[in-house]
Every structure is written in C-alpha cells, then in structure tokens.
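Trainee: I am new to this structure. Can we go through it step by step?

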Amino acid sequence: MTSEQLFEKAKTLIPGGVNSPVRAFRSVGGNPLFIKSAKGPYLYDEDGREYIELINSWGPMILGHAFEPVEKAVADAIQHSFSFGAPTRKEVEMAELIVSMVPSVEMVRMVNSGTEATMAAIRVARGFTGRDKLIKFEGCYHGHGDSFLIAAGSGAMTMGIPDSPGVTKATAADTLTAPYNDLAAVEELLLNNHNQVAAVILEPVVGNMGCVLPEPGFLEGIRSLCDQHGVVLIFDEVMTGFRLAKGGAQERFGITPDLTTMGKIIGGGMPVGAYGGRADIMRMVAPAGPVYQAGTLSGNPIAMSAGLAMLHHLNDHPEVYTRLDAIGDKLTAGFRQTLEKLGLAYTINHISSMFTLFMTERPVIDFAGAKSCDTALFGRYFHAMLDRGVYLAPSQFESLFLSVALTDDLVDRIIQANDESLRDVIG
Ligand code: PLP
C-alpha cells in the first residue's frame, strides 16, 4: 500500500489517521508520508522515496538512525525477555550514568515518556512545597498532561488548540502562564500568588514554538526568582537534554535547576522518560517518600539497553558535540546567505543542532513572535523541500534536529534545496 492508501485506511481506524497530531500534516496540507525504515541520515517511505532527515524522531536520533551500537545492545537484550516488572542491573547503570552526565541530577526515576516525566515532576514539586500552582510559559510544551495544556506549544499550537477541551477549570486555574523571556511577568505572578506557587517549569531552550533561545540573563533571573520565592525550578530537557551538551542546556548555560525532566533521547528512540534532581526533593517519591508515582514498564530492559548504548557513546565521545555545533553553524550560515541573496529578512533561531527558519521578519523570542509567522508560506516551503528530498518537521512551530550522520555533502544539498525552495515559494 502507498502512503496515501495507508492514510485513507488509517483515518477510518485511528483518530485523524495518526497516533500524534502533528504527524497528520494538517498545518502544511497534503497527506503524511508513512515511513518504512531509516538508516543514518536517511528516511525511506512506503512509496520507495528517500529523504534527508531533519526531525530525527523529534530529537533522539542524535547519532543518526539505526546506530550500530544501539542496534547491537537491543539485539543482545531481547534474548533475555522483554519485561520483568522487577529491578534490573541496567536501571542502576542508567541512573548512575545520568547522574554523572547531568549536573543537577543527584537521583533519578525512570518513566516511559516525556509526558509522564513532567506530570510526575510537578506532583513531586507540589508534594515538596505543599503548594498547588505552577508557572509555565506560553508556547512551551511539556507533554499532554492536563496541567500543561494551557497556552501549549507544539502540536497543540499547530492545531490551534493550545487550551484543550477536557481540562477542568480547576486544573487550568492552577496553571499560571507568562510570556517566554519575560522575567517581570514571572515576578508579578509570584508576588500576586504569594506562597502558592510550587514550581516554575520551562524549556531552557524552547523547541516547541519553533526554536526559541533564552535571552541573556533570563535563565539566571528565573533561577534567582525561584530561590527568593521558595519555588522548585524544573528544566524540561526532553528536547535539549544530551543534545545541547552531554549535560543538556543546564550545562551549556551553567544554570542548575532543582528538577530536570528528560525523555525520548535516553531511550535511543525507545519509549522512555525520566525525572531527577536534588536528592532532598527526589526522596519525596514513593517508596522513599509519600508522593506516589509508578509504572509497570518503567526501566524496561530493552529500552534501558538502547539508552545505555546511546548515552555511553555520547559520554565517551565529546567530539559528537563539536560536530553537532559545526553542522548547525554550516547549515544556518548557508540558509542565511540564501536569505540575504533573495532579499528576505526572515528570522533564523539557532543553537548547535536545533534551529528554525521562521517565516516572519520579527525577532522570535516568545509565543507572540512565533505566531506572527506566515504559516501558509511555511506550508508551501515545507512541500517544496519535501519534493527535493528533505524531510522537515511538518509545522512552523517546531525546531529541527540535526544528527551527526549528516555529512558536509548532505549539508550542502540541504542548503541548495532551501535556496531552490525559497525561490519557488516566494515566486
Ligand atoms: N517536554 C518537551 C519539551 C517535549 O518536547 C515533549 C515532546 O515533544 C514532551 C515534554 C512530551 O514528551 P512525550 O511526547 O514523550 O510524552
């Protein structure tokens, strides 16, 4: 069956034909591609076409697809059954590795997705502080837990449903929101909700309204406001963790959160998440403490094996990060040259292997800036790139993710495709 036939059938069986909304291509038009396999920097669809991959499973494939040490670790692990629901040696190794790599993490609990990690982190922060409210930022996405579907980014923003029906008014009332990069707004919320805010949660570099960087002083300012008000600071590093540096954004920016949420990357592509941080806070988690959180498949041995192979490689090969920085620099320099040549003043936000070309002339430092983009133009650009064999995230409001599998030749091909695609769509 072709992608088109599969999608027609899927729509009768799965809501919208997909198991996660952005995959449906709604905001860029057309039908989604059904992917059959991937290797290194390439994706292959059911129609027999090859694409250069710039999503990388929304982050985890830092080393490219089907990276051999990860494949081998999984092949070895499956010989010993798939799940025990009992503790394993690999979970201890994983915890030890994460604690050694991520500066703020003293103890860590494995879960099965980024959504689970953020939901649990908030519960622990509430249990620790005895307070109910949380502050999140407009356009940040922290998974689909009820508390986070308020002014949410990513698919919720793409679909135009940042505030989802089904979230109760009581839950929504406990989530306070501020514009990203606006310290004064956070301070005002903390003063107006004195002693009621348990946590501030943010993406230290946002991937979910497109790539948005913290302005100088923003992360430092949030850290000190949290200290002043006794609030737990949570960095959601589901996208940035192990990507922007081996210790994530917190290492790159030198800011220490109290809790960190991690996701897909630590499973090397398998369904995994984790949350960790200060030992005094993490000791609140059951059975050490009273805050309940559990999972039958948590610490699954196959997922741990994949993740361990991936993280060991990252830990032992610092040149991965130098290379990711170099690929990102080369690619965005090429894109900027094209913009200049064509007299276009669009905004490119970039850090290391994360970047977004925003179809707006405004600087994008928050949700309002991201929303000023010409999304119809982005849809045409997306398809022009796809026609040239480059697979971008099917939404303006997502970061792209590079892998070390991209060679310089492939980077040149992407720059060329971008040049031709922009010429096509601006007419
Ligand atoms: N937090 C951030 C920053 C994310 O980017 C995502 C997903 O993309 C999540 C949380 C939720 O993770 P998951 O989709 O694994 O539930």
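This is a predicted model: local features need pLDDT of at least 70, side-chain atom pairs count only at pLDDT 80 or more; totals for chains, interfaces and linings use all residues.

Trainee: How many residues of the shell around the ligand are nonpolar, polar and charged?

Mentor: Gly counts as polar here. Gly 114 and Gly 143 are among the closest residues to the ligand. The shell divides into 4 nonpolar, 11 polar and 3 charged.

Trainee: Why does the chain count as being as compact as a globular protein of its length?

Mentor: Start with the make-up: the chain has 15 helices and 14 strands. For 427 residues the globule rule gives 22 Å. The chain comes close to that value, so it is as compact as a globular protein of that length, with a radius of gyration of 21 Å.

Trainee: What share of the residues in the chain is buried?

Mentor: A residue is buried if 20 or more other C-beta atoms lie within 10 Å of its own. The chain has 427 residues, and the buried share is 52%.

Trainee: What share of the contacts with a separation of 6 or more comes from residues 24 or more positions apart?

Mentor: Take the contacts in the chain with a separation of 6 or more.

Trainee: Are helix 7 and helix 8 roughly parallel or roughly antiparallel?

Mentor: Helix 7 covers residues 183-192, and helix 8 covers residues 218-229. Their axes are 10 Å apart, at an angle of about 10°. Angles under 35 degrees count as roughly parallel, over 145 as roughly antiparallel. That makes the two helices roughly parallel.

Trainee: Which residues of helix 8 make the contact with helix 7?

Mentor: On the helix 7 side stand Leu 183, Val 186, Glu 187 and Leu 190. The residues of this contact divide into 6 nonpolar, 2 polar and 1 charged. Helix 8 contributes Phe 218, Gly 221, Ile 222, Leu 225 and His 229.

Trainee: Is Gly 248 buried or exposed?

Mentor: Gly 248 sits in helix 9. Leaving aside neighbours within four places in sequence, its contacts include Val 102 and Phe 242. Gly 248 has 28 C-beta neighbours inside 10 Å, so it counts as buried.

Terms used:
Residues are numbered from 1 along each chain as its sequence is written. A residue is near a molecule or strand if its C-beta atom, placed from the backbone, lies within 6 Å of it. Axes are lines fitted to C-alpha atoms, for helices over the stretch in contact, and angles run from 0 to 180 degrees between N-to-C directions. Helices (H or I, at least four residues) and strands (E, at least two) are DSSP runs, numbered from the N terminus. Angles under 35 degrees count as roughly parallel, over 145 as roughly antiparallel, 65 to 115 as roughly perpendicular and the rest as oblique. Two residues are in contact if their C-beta atoms, placed from the backbone, lie within 7 Å. The radius of gyration is taken over C-alpha atoms; the globule rule is 2.2 Å times the number of residues to the power 0.38. A residue is buried if 20 or more other C-beta atoms lie within 10 Å of its own, exposed if 12 or fewer, and partly exposed in between; C-beta atoms are placed from the backbone.
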